Amino acid sequence: MPRKSTYPTPTDHSSLCLQYLRRCGGSARLCSINFSLGVIQTLVNQKLVKIKNTGAGFFVELEDAK
């Protein structure tokens, strides 16, 4: 029987996604992000990120990055 971890695991990976976007310079291609669409939708609903269509693909950008 596997042992339970005593360390809490985050169920919401939105903070990890924000950290990833900050490391990528504020934006990343939507197809290259390995986070679920639910996490991205949560960040869009909280107005922390926006989705931008550049004509060459969709990008996820931090709202405060300009």
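1. Beyond its neighbours within four places in sequence, Ser-14 is in contact with Val-39 and Leu-43. The model is a predicted one. Ser-14 belongs to helix 1. Its relative accessible area is 11%, so Ser-14 counts as buried, the cut-off being under 20%.

2. Val-39 and Leu-43 are also among the buried residues of helix 2 (residues 37–45), together with Ile-40. These residues span an arc of only 95° around the axis, and therefore sit on the same side of helix 2. As background, an α-helix has 3.6 residues a turn, so residues three or four places apart point the same way.

3. The cover over the buried residues of helix 2 includes helix 1 (14–23) and strand 2 (49–53). On the face turned away from the buried side, helix 2 carries Leu-37 and Asn-45, both exposed. Lys-47, which follows helix 2, has a positive phi, near 60°.

4. Val-39, Ile-40 and Leu-43 are part of the largest nonpolar core, which has 11 residues. In soluble globular proteins, nonpolar side chains tend to be buried together.

Definitions and conventions
Residues numbered from 1 in each chain as written. Predicted model: local features only at pLDDT ≥ 70, side-chain atom pairs only at ≥ 80, totals over all residues. Heavy atoms only, no water. Buried < 20%, exposed > 50% of the residue type's maximum accessible area, 1.4 Å probe, protein only. Helix = DSSP H or I, 4+ residues; strand = E, 2+ residues; numbered from the N terminus. Arc of directions from axis to C-beta. Contact = heavy atoms within 4.5 Å. Core = buried A, V, L, I, M, F, W, Y, C linked by side-chain atoms within 4.5 Å.
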